[in-house]
Amino acid sequence: MIEANRIPRLRLVGVAKSSAAYELRDFLQRSVVAFDWIELQSDADCQRELGVSSLAKARLPVVKLPDGTRLEEPTVRELANRLGWVTQPRFKEYDVSIYGAGPAGLSAAVYGASEGLRTVLIERHAIGGQAASSSLIENYMGFPGGISGAELCERGRQQAVAFGVEILMMREGVQAEFLNGHIVVDLADGSTLIAKTNICATGVEWRRLGLPNEAGYLGRGFYYGAGMSEAPLCRNEHVFVVGGANSAGQAAMYLTEYAAKVTMLVRGPTFKGTMSSYLYNRILTHPKIEVRFNAEVAELTGDNGLARIALTDLQSKTTDWVDASRLFVCIGGAPNTEWAKDTPIIRDASGFLITGPDLLENGQWPSCWPLKRQPHHLETSVPGSFAVGDVRAGSVKRLATAVGEGGMAITFVHKHLREAA
Ligand SMILES: Cc1cc2nc3c(=O)[nH]c(=O)nc-3n(C[C@H](O)[C@H](O)[C@H](O)COP(=O)(O)OP(=O)(O)OC[C@H]3O[C@@H](n4cnc5c(N)ncnc54)[C@H](O)[C@@H]3O)c2cc1C
């Protein structure tokens with residue numbers, strides 16, 4: 001593993017099935033920060049680890065920083081702040097603002113700054129986006145043995161910083177306005193960011209199962225994503241993964257390193273057409289993996305976190321209950337484009353951003369398109385505003401595509417800046 005953010009090892013202390021502790025573990029894992037998870041089981045543990053006489057009195061979770069500071073019940077943002085990652089913009093205006101620090105945004109940032117553009121990268125959560133939740137990416141060129149997504153993206157972050165990219169973490173673009181050839185974005189913290197061009201690389205977010213009581217189990221046995229931070233806690237357990245695409249397959253494979261058994265729950269009758277063949281061939285022959293096709297999770301239950309799930313067989317229409325204390329849901333994504341809803345940026349019916357030639361409808365460019373020239377590839381219906389990676393309508397949802405589009409968008413940013421000068 002690369003030297004993780006040059007932060008010495010942290011200690012994260014808490015109890016099992018705590019959603020607050022899960023959020024911190026997930027964030028640290030994605031950010032490639034080394035940490036020890038100390039799970040308290042009794043008042044005696046609490047006394048020994050924290051000097052507090054009982055679990056009931058402790059304000060958990062607690063993060064112990066290497067300098068001796070102790071953060072009690074911190075939010076992810078407070079932790080990021082203490083790590084020195086939440087900073088103020090240095091400039092009033094940028095050449096390019098990039099929203100989303102997944103592979104597409106990181107790639108755009110590297111190319112933008114390396115080509116002399118004043119570049120700012122805005123990320124609302126952790127660096128790496130979806131890729132940071134992948135245990136092992138095996139099909140990205142140049143890594144014959146595979147590489148963890150978090151590590152790959154941490155390398156991208158370091159490269160971007162070395163070229164002078166300014167990264168604003170824990171910031172979220174919530175509303176955009178296009179004024180006099182500039183994009184003015186309101187951030188969730190009330191501040192505003194101005195740039196001559198922008199690149200939307202906000203990717204997708206896990207689609208929800210939509211079970212009535214799932215919110216109560218989130219981070220308490222029920223997880224969206226591949227469970228990178230949770231896998232080591234699944235030792236000798238029987239765990240469940242929902243989904244039939246690559247992300248679910250990778251999650252299942254990774255979990256087998258720790259769990260006694262992994263059951264995959266797949267709605268369809270086969271993996272063909274949804275998962276890469278190299279992966280499903282391994283899954284179908286893996287001694288620890290059981291696959292239930294035509295299976296749908298119908299209900300969750302449990303008093304102290306998830307304990308049992310109801311499974312419906314979509315063929316026989318029968319439902320049975322099984323013991324399940326951990327369920328990882330990896331069922332594809334919906335785009336993060338809420339911010340675009342009050343702008344002239346055109347989205348498709350599912351919310352993905354439409355770009356370039358795809359904006360042409362019945363031989364006509366959209367009426368909101370104000371220029372004589374046609375939109376560049378990757379350019380949205382607003383001149384100078386681009387979309388790359390998974391958030392773009394019709395894009396191939398792959399790491400290499402996201403990275404490629406990020407770099408390519410910078411070429412069009414240069415063109416737009418030249419035309420606008
Ligand atoms: C578990 C898993 C395994 C995968 N394995 C592979 C693989 O082996 N090979 C492969 O080719 N692909 C794989 N993929 C797919 C690949 O990771 C994605 O295609 C890629 O991450 C898309 O990159 P992106 O930058 O477009 O979007 P994302 O990775 O989704 O990143 C978007 C980023 O934008 C941020 N964001 C969202 N909204 C805002 C906002 N308003 N303001 C600021 N920031 C915002 C998000 O927090 C996120 O960090 C995998 C995906 C998953 C989930």
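Reply:

**The ligand site and its surroundings**

The ligand is surrounded by 33 residues, and the closest are E123, Q130, N139, Q250 and D390. This is a predicted model, and the distances below should be read as those of a prediction.

By class, the shell around the ligand holds 12 nonpolar, 14 polar and 7 charged residues. The side chain of Q250 places an N or O atom 2.6 Å from an oxygen atom of the ligand. At V204 a polar backbone atom is 3.4 Å from a ligand oxygen. The ligand taken alone exposes 1000 Å², of which the protein buries 95%. Two or more residues of the shell come from each of these elements: α4 (103–114), β6 (119–123), β11 (204–206), α6 (246–255) and α8 (399–420).

Of these elements, α6 leads on to a sheet. Helix α6 lies across β13, β14, β15 and β19 (327–329), and runs at about 170° to β13. The sheet is open and has 5 strands in the order β12-β19-β13-β14-β15, with parallel pairing. Its edges are β12 (222–224) and β15 (289–292), each of which pairs on one side only. On average, neighbouring strands in this sheet are turned by 20° against each other, direction ignored. Within the sheet, β13 (residues 238–242) and β14 (residues 261–265) pair in the parallel sense over 5 bridges.

A second open sheet consists of 3 strands in the order β16-β17-β18, with antiparallel pairing. Its edge strands are β16 (295–301) and β18 (318–323), each pairing on one side only. The twist from one strand to the next averages 25°. Strand β17 (residues 308–313) is joined to β18 by 6 bridges, and the two run antiparallel. D313 stands opposite T318 in β18.

Hairpins occur elsewhere in the chain. Strand β8 pairs with β9 (residues 182–187) in the antiparallel sense over 6 bridges, and F178 stands opposite I183 in β9. The hairpin of β8 and β9 has 2 residues between the strands, and N180 takes a positive phi near 45° there. Strand β9 is also joined to β10 (residues 192–200) by 4 bridges, again antiparallel, with V184 opposite I194 in β10. The hairpin of β9 and β10 has 4 residues between the strands, and G190 in its turn has a positive phi of about 95°.

Two further backbone details are worth checking in the model. M170 has a positive phi of about 60° although it is not a glycine; this residue lies in the loop between β7 (166–169) and β8 (173–179). The peptide bond joining L60 and P61 is cis, with omega of about -5°, and P61 lies in the loop between α2 (43–50) and β3 (62–64). Both details stand out because most residues other than glycine have a negative phi, and most peptide bonds are trans.

Key
Residues are numbered from 1 along each chain as its sequence is written. This is a predicted model: local features need pLDDT of at least 70, side-chain atom pairs count only at pLDDT 80 or more; totals for chains, interfaces and linings use all residues. Side-chain values use heavy atoms; hydrogens and water are left out. A residue is near a molecule or strand if one of its heavy atoms lies within 4 Å of it. A polar contact is a pair of N or O atoms within 3.5 Å; within protein, one must be able to donate a hydrogen and the other to accept it, and residues adjacent in sequence count only if both atoms are side-chain atoms. Accessible areas come from the Shrake-Rupley method with a 1.4 Å probe; for residues, only the protein chains shown count as cover. Ala, Val, Leu, Ile, Met, Phe, Trp, Tyr, Cys and Pro count as nonpolar, Asp, Glu, Lys and Arg as charged, and the others, Gly among them, as polar. Two strands pair if DSSP finds at least two bridges between them. Axes are lines fitted to C-alpha atoms, for helices over the stretch in contact, and angles run from 0 to 180 degrees between N-to-C directions. Contact means heavy atoms within 4.5 Å.
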